[in-house]
Amino acid sequence: QVQLVESGGGLVQAGGSLRLSCAASGSNNSLNAMGWYRQAPGKQRELVARLTSGGGTNYAASVKGRFTISRDNAKNTMNLQMNSLKPEDTAVYYCNAEINVVGGFLYDYWGQGTQVTVSS
């Protein structure tokens, strides 16, 4: 079992910055990757940024160059630094952990989500 708790969301003006954090607890010895997803009203949940256990990263095209994902292994946290925020970044942001399970499958764990609102 893995528990994920997000923090750092809020209201910010366009052009501003926010830093999201995800605190992970529980058994994550078989971690494949962690990432941030977001879901805006009326839209599907989408990948924002992903960080593999090997250090590889990938970003949605819409956030590349503005957002940076990182992980602090000592604190067992994952962060998302969001700069130059735009109104279209407004969404609920979810922390995700992909865990390797028996049989070679991946199991997804999710946090409860944190609201990010960017005003124009």
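This is a predicted model: local features need pLDDT of at least 70, side-chain atom pairs count only at pLDDT 80 or more; totals for chains, interfaces and linings use all residues.

Residues are numbered from 1 along each chain as its sequence is written, and side-chain values use heavy atoms, leaving out hydrogens and water.

Now switch to cartoon view. You'll find 11 strands and zero helices (DSSP runs numbered from the N terminus: E, at least two residues, for strands; H or I, at least four, for helices). Of the 120 residues, 39% count as buried, meaning under 20% relative accessible area with a 1.4 Å probe, protein chains only.

Next, select Asp89, in the loop between strand 8 (77–82) and strand 9 (91–101). Is Asp89 buried or exposed? Asp89 is buried, at a relative accessible area of 1%.

Show side chains here. The Asp89 side chain makes a polar contact with the side chain of Arg38 at 3.0 Å, and another with that of Arg66 at 2.8 Å. A polar contact is a pair of N or O atoms within 3.5 Å; within protein, one must be able to donate a hydrogen and the other to accept it, and residues adjacent in sequence count only if both atoms are side-chain atoms.

Last stop: leaving aside neighbours within four places in sequence, residues in contact with Asp89 include Val63, Phe67, Ser84, Val116 and Val118 (heavy atoms within 4.5 Å).

Methods. Buried means under 20% relative accessible area, exposed over 50%, partly exposed in between (1.4 Å probe, protein chains only).
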